[in-house]
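Thanks for asking me to look this one over.

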Amino acid sequence: MLKAVVHTDWTTGTINRNLYGHFAEHLGRCIYEGLWVGEDSPIPNTDGIRNDVLEALRKLHIPVLRWPGGCFADEYHWRDGIGPRESRKEMINTHWGGVVENNHFGTHEFFRLCELIGAEPYICGNVGSGTVQEMSEWLEYMTFDGESPLANLRRQNGRDKPWKLAYFGVGNENWGCGGNMLPEHYADLYRQYQTYCRQYGDNKLYKIAGGANSDDYRWTEVLMQKAAGQMDGLSLHYYTVPGTWQEKGSATEFGAEEYARTLVRAFHMDELLTRHSTVMDRYDPQKRVGLIVDEWGDWFDAEPGSNPGFLFQQNTMRDALVAAIHFHLFHKHCDRVRMANIAQMVNVLQAVVLTEGDRLLLTPTYHAFQIYAVHQDAEALALHGEFGSYTAGQDSAAMPQVGATASRKDGVIHVSLYNLHPEKPADIALELRGSNVRYECSGQLLAGDSIHAANTFSDPGRVVLKPLDSIEPIESGFAVKLPPASVATIRFAM
Ligand code: AHR
């Protein structure tokens, strides 16, 4: 029997709620169709944002939402997205499919979306093709309370009070689509641009510098050395790709080895968080600067028949397990990692919601977010155990068969577990050590009938949450049986 021992008297840090953040870019059908349909749409909406998606997103308790990109952020000019919609300037979305962007979803619509789902806004500014003045004026437009031409323009456009905006990114992927810069150059620009990101009134900005691509530790080193004092957060992007960038692999058609390779690549996030944190520790031993993983998730080949520039992919139990692996790693590194944003929210990459016309479905990743939301703002608990091992044959790297993470909030302990094995169930002895309280427990289980199980528009209820009924009290605690390729969260209350 495998084993997980939770030390209920030993906390290892606070799990920042923002680790469960999301990302929505002007890309494919994420903003348009997925979120925004416009006020005149036959699809029921609130101020242009579709009601079915809003209802689904509200249930996830999304703490923070990043917008407008991504690569799009460094070619976005905010003035094009304000004022009467019919007279907003059009542009070509050169990064994503070369389609016409009508700018109907802009600053006001984004803040309304955040308000409707209860998320904090996280806006990414344009360094790659925008000026210091443009960035500075956007902040004035959004957050200045007094009399000024820009605050008055905001009022003229229907918003009297300034919005509260904490999270602001100074550029995106400036080593690539955000300007192809060298770290030294970007570090200088970061220092310059952030100088004019003013804090108006009681609006306190949390400034996030554009960070490294995956294992580019030198980028982190240079940014920390030259600009740590001017930033609150430094970002990191890493995508789980089972194949190569040219041939990433199918979202739905994969064999046992490709399944295992995907999970191994998701675990690579552990090494990235450890090593980027180690670099940051050298310049910031107090851990003031947060590591902000503002893009993560599975990236597969676009669904056959869809526009390759729209990055639309299906989502299976494999994605739910990749999400669970990430959540456990974010908890493990919660002393340094303060925010993470899955890419992306709707219809793009590892989405939690897919839409087709007026229909919507919830993906397995959605349900993973649903059962892990209880860990937001909780105290992480130390844990050890025997987690077994799983490989998909000789050429596959080994990984633990089972993973566990635990936290406590308001006297309630939650333990989340996953079983990565595609065929074997996992029998786990779960012990809550360090307390002699008797706990009542109940759990929720996410399991499909195979690793390929997905929700489709013809069968939207194939992967759903169910009560976890395989928990039995035993002498040392509880015996839990997890089906193959499954995820569960168990609640222990006194
Ligand atoms: O999420 C898709 C793209 O991936 C983002 O626009 C970019 O930042 C990253 O390369």
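The points below go from the barrel to the helices, then to the aromatic side chains and one loop.

1. A word on the basis. This is a predicted model, in which local features need pLDDT of at least 70 and side-chain atom pairs count only at pLDDT 80 or more, while totals for chains, interfaces and linings use all residues. Residues are numbered from 1 along each chain as its sequence is written, and side-chain values use heavy atoms, with hydrogens and water left out.

2. The barrel. Eight strands form a closed barrel in the order S2-S5-S8-S9-S10-S11-S12-S13, with parallel pairing. Two strands pair if DSSP finds at least two bridges between them; helices (H or I, at least four residues) and strands (E, at least two) are DSSP runs, numbered from the N terminus. Neighbouring strands of this sheet are turned against each other by 30 degrees on average, direction ignored.

3. One pairing to look at. Strand S11 (residues 233-240) runs parallel to strand S12 (residues 290-298), and seven bridges join them. Here His-237 stands opposite Glu-295 in S12.

4. Helices over the strands. Helix H3 (residues 132-143) lies across S5 (64-67), S8 (120-125) and S9 (167-170), and runs at about 160 degrees to S8. Helix H5 (residues 183-195) lies across S9 and S10 (206-213), at about 165 degrees to S10. Axes are lines fitted to C-alpha atoms, for helices over the stretch in contact, with angles from 0 to 180 degrees between N-to-C directions; contact means heavy atoms within 4.5 Å.

5. Helix H4. Which residues of H4 (residues 149-156) are buried? They are Leu-150, Ala-151 and Arg-154, where buried means under 20% relative accessible area, exposed over 50% and partly exposed in between (1.4 Å probe, protein chains only). These residues cover an arc of only 105 degrees around the axis, so they are on the same side of H4; the arc is that of the directions from the helix axis to the C-beta atoms. Their cover includes helix H2 (107-117) and H3. The exposed Pro-149 and Gln-156 are on the face turned away from the buried side. After H4 comes Gly-158, with a positive phi near 105 degrees.

6. Aromatic pairs. Rings of Phe, Tyr and Trp (its six-membered ring) pair if their centres lie within 6.5 Å; planes under 30 degrees apart count as stacked, over 60 as edge-to-face and the rest as tilted. The count comes to 29 aromatic pairs. One of them is the tilted pair of Phe-72 and Tyr-76, 5.5 Å centre to centre with 35 degrees between the planes; both residues are buried. Phe-72 and Tyr-76 also belong to an aromatic cluster whose members include Trp-36, Trp-67, Trp-138 and Trp-163.

7. A pair within H5. Tyr-186 and Tyr-190 form a tilted pair, 6.2 Å centre to centre and 50 degrees between the planes. Because they are four residues apart in H5, about one helical turn separates them. Tyr-186 is buried at 0% relative accessible area, and Tyr-190 is buried at 0%.

8. Charges over rings. The charged end of Arg-66 sits over the ring of Phe-23, 4.7 Å from its centre. Arg-318 lies over the face of Phe-254, at 3.7 Å from the ring centre. The rule asks for NZ of Lys or CZ of Arg within 6 Å of the ring centre and within 35 degrees of the ring normal.

9. A loop residue. Asp-395 is in the loop between S16 (379-386) and S17 (402-409) and is exposed, at 72% relative accessible area. Asp-395 and Arg-261 are 134 residues apart in sequence and 9.7 Å apart in space, C-alpha to C-alpha.
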